[in-house]
Amino acid sequence: MEIKIIEHDFSVCKVADYSFVDLEKEYCFIGKTDEESSLVCITKAVPPNTIERDDGWKAFRIQGVLDFSLIGVLSQISTLLAENKIGIFAISTFNTDYILTKQDNYDKAIDVLIKAGYCMV
């Protein structure tokens with residue numbers, strides 16, 4: 001399975017609303033519940049109405065379009081990283097899954113995945 005390294009720094013944010021979010025940016029993940037409005041974006045694109053933010057995230061994604069019938073793809077990766085004491089922030093889209101780790105664990109995460117047989121592109 002191929003995993004694509006994404007060459008950006010990311011931030012995980014809580015925003016007042018999405019009025020300042022540029023949805024046309026290359027990476028912009030939003031999530032809204034009855035309790036919060038969340039945003040994951042490239043750090044340079046964090047909007048001014050951010051209430052809280054956590055910087056220092058790096059990302060990679062599972063390459064290709066994942067069929068909804070596939071079971072355990074994200075679970076396998078997250079278990080492997082957890083066994084190596086690497087925390088993640090996972091985001092799923094219609095096509096695939098994105099895994100974010102803190103910057104200080106990113107190289108270690110890549111090494112763990114390569115040793116497990118994943119191809120990094």
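Lys 58 and Asp 9 join their side chains in a salt bridge at 3.3 Å, N to O, where a salt bridge is a side-chain nitrogen of Lys or Arg within 4 Å of a carboxyl oxygen of Asp or Glu. This pair links distant parts of the chain, with Lys 58 in strand β4 (residues 50–62) and Asp 9 in strand β1, 49 residues apart; strands are DSSP runs (E, at least two residues) numbered from the N terminus. Lys 58 is buried at a relative accessible area of 13%, whereas Asp 9, at 37%, is partly exposed; buried means under 20% relative accessible area, exposed over 50%, and partly exposed in between (1.4 Å probe, protein chains only).

By this rule the count comes to 4 salt bridges. Among them is the contact between the side chains of Asp 54 and Lys 102 (3.1 Å, N to O), which ties strand β4 to strand β6 (residues 97–102) across 48 residues of sequence.

## Strand β3 and its partners

Strand β3 (residues 37–42) is largely enclosed by the rest of the structure, because 5 of its 6 residues are buried. Strand β1 (residues 2–15) runs antiparallel to β3 and is joined to it by 5 bridges, pairing being assigned if DSSP finds at least two bridges between two strands; Ser 11 stands opposite Cys 41 in β3. Strand β2 (residues 28–32) also pairs with β3 in the antiparallel sense, over 5 bridges, and β2 and β3 form a hairpin with 4 residues between them.

## Basis of the model

This is a predicted model, in which local features need pLDDT of at least 70 and side-chain atom pairs count only at pLDDT 80 or more, while totals for chains, interfaces and linings use all residues. Residues are numbered from 1 along each chain as its sequence is written, and side-chain values use heavy atoms, with hydrogens and water left out.
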